[in-house]
Amino acid sequence: MEKLYTCAQVAERYGVSPLTVREWIRGGMLEAIRLGRDYRVSEEDLVRFEQRRRTHPSPHSSIENVR
């Protein structure tokens with residue numbers, strides 16, 4: 001069975017408050033399972049959340065242009 005994380009655990013992982021995690025969930029940014037009044041987030045959902053927010057350098061930028 002896949003491990004499920006509480007909002008507090010997710011918040012600690014990303015250095016934010018549990019309220020922020022709940023806002024991500026309610027806003028559709030982070031998928032979760034609702035259990036009663038609480039949410040649980042799977043590791044798979046966290047990986048998808050991170051991948052969607054991964055940044056990529058612009059093809060027109062280079063380290064030499066940054067000063």
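Predicted model: local features only at pLDDT ≥ 70, side-chain atom pairs only at ≥ 80, totals over all residues.
View 1. Strand β2, comprising residues 33–35, is joined to β3 by three bridges, and the two strands run antiparallel. Two residues lie between the strands of this hairpin, in which G36 adopts a positive phi near 65°.

View 2. Between β1 and β3, the antiparallel pairing extends over two bridges. Y5 has V41 of β3 as its bridge partner. In general, the strands of a sheet pair through backbone hydrogen bonds, in either the parallel or the antiparallel sense.

**View 3. Helix α3 and its buried face.** Helix α3 spans residues 43–52, and its residues D45, L46 and F49 are buried. These residues are on the same side of α3 because they cover an arc of only 100° around the axis. The elements that cover the buried residues of α3 include β1 (4–5), α1 (7–14), α2 (18–26) and β3 (38–42).

**View 4. The surroundings of D45.** D45 is located in helix α3. With a relative accessible area of 9%, D45 counts as buried, because the cut-off for that class is under 20%. When residues up to four places away in sequence are not counted, D45 touches L30, E31 and A32.

**View 5. The contact of α1 with α3.** The axes of the helices α1 and α3 cross at roughly 35° and come within 13 Å. Their crossing is right-handed. On the α1 side, V10, R13 and Y14 take part, meeting E43, L46, F49 and E50 of α3. Sorted by class, this contact of α1 with α3 has four nonpolar and three charged residues, and no polar ones. One of the α3 residues in the contact, L46, is also among the buried residues of that helix.

**View 6. Helix α1 and the glycine that follows.** The residues C7, V10 and A11 of α1 are buried. They line one face of the helix, since the buried residues of α1 fall within an arc of 100° when seen down the axis. Among the elements covering the buried residues of α1 are β1, α2, β3 and α3. Just after α1, G15 takes a positive phi of about 70°.

View 7. A8 counts as partly exposed because its relative accessibility is 45%, whereas C7 is buried. Between the C-alpha atoms of A8 and R22 there is a separation of 9.6 Å, the two residues being 14 residues apart along the chain.

**View 8. Helix α2 and its covering elements.** In α2, the buried residues are V21, W24 and I25. Seen down the axis of α2, these residues fall within an arc of 100°, so they line one face of the helix. The cover over the buried residues of α2 includes α1, β3 and α3. G28 follows α2 and has a positive phi, near 80°.

**View 9. The close-up regions in the context of the whole chain.** The protein chain contains three helices and three strands. From the N terminus on, these elements follow the order β-α-α-β-β-α. Of its 67 residues, 21% count as buried; V10 in α1, W24 in α2 and F49 in α3 are examples from the views above. Among the contacts in the protein chain with a separation of 6 or more, 43% are accounted for by residues 24 or more positions apart.

Methods:
Residues numbered from 1 in each chain as written. Heavy atoms only, no water. Buried < 20%, exposed > 50% of the residue type's maximum accessible area, 1.4 Å probe, protein only. Helix = DSSP H or I, 4+ residues; strand = E, 2+ residues; numbered from the N terminus. Arc of directions from axis to C-beta. Contact = heavy atoms within 4.5 Å. Pairing = 2+ DSSP bridges. Axes fitted to C-alpha atoms, helices over the stretch in contact; angles between N-to-C directions. Left-handed = near helix turned anticlockwise from the far one by under 90°. Nonpolar A, V, L, I, M, F, W, Y, C, P; charged D, E, K, R; others polar.
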